[in-house]
Amino acid sequence: MTKTLTFAVMHFSIAFGVVYALTGSVLLGGAVALIEPALNTVAFYFHEKVWQRVERRRIVQPSLNLPPVFRA
């Protein structure tokens, strides 16, 4: 859990820092720092669902297995 929390703090800080550096706006930097990681979290959830489906298909249909170099 500590690793997750420190990653979240880092992610928020980077998002804020980039937008603040580009715009000079604390308000806009703060808004983006809250919205972007939240949307990224939702996108990651669906990304994981897709990869779980891909992995299940690889188990059921071994002929679809990619060479080791292409495996995630």
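The legends below describe close-up views of a predicted model.

**View 1. Helix α1 and the residue that follows it.**
Helix α1 covers residues 2-23. After α1 comes G24, a residue whose phi is positive, near 75 degrees.

**View 2. Helix α2 from end to end.**
Helix α2 runs through residues 26-60, and with its 35 residues it reaches 51 Å from its first C-alpha to its last, which is close to the 51 Å expected at 1.5 Å a residue. Within α2, the residues G29, A33, P37 and R58 are buried, and the buried residues of this helix pack against α1.

**View 3. The crossing of α1 and α2.**
The axes of these two helices come within 8 Å of each other and cross at roughly 140 degrees. Angles over 145 degrees would count as roughly antiparallel and those from 65 to 115 as roughly perpendicular, so α1 and α2 are described as oblique to each other. The crossing in which α1 passes α2 is right-handed.

**View 4. The residues that meet between the helices.**
On the side of α1, the contact is made by H11, F12, A15, F16, V19, Y20 and T23, while α2 contributes V26, L28, G29, G30, V32, A33, L34, E36, P37 and N40. Sorted by class, this contact of α1 with α2 holds eleven nonpolar, five polar and one charged residues.

**View 5. The surroundings of V32.**
V32 lies in helix α2 and has a relative accessible area of 27%, which means that V32 is partly exposed. Leaving aside residues up to four places away in sequence, V32 touches A15, V19 and P37. V32 and Y20 are twelve residues apart in sequence, and in space their C-alpha atoms are 9.4 Å apart.

Definitions and conventions: Residues numbered from 1 in each chain as written. Predicted model: local features only at pLDDT ≥ 70, side-chain atom pairs only at ≥ 80, totals over all residues. Heavy atoms only, no water. Axes fitted to C-alpha atoms, helices over the stretch in contact; angles between N-to-C directions. Helix = DSSP H or I, 4+ residues; strand = E, 2+ residues; numbered from the N terminus. Parallel < 35°, antiparallel > 145°, perpendicular 65-115°, else oblique. Left-handed = near helix turned anticlockwise from the far one by under 90°. Contact = heavy atoms within 4.5 Å. Nonpolar A, V, L, I, M, F, W, Y, C, P; charged D, E, K, R; others polar. Expected span 1.5 Å × (residues − 1). Buried < 20%, exposed > 50% of the residue type's maximum accessible area, 1.4 Å probe, protein only.
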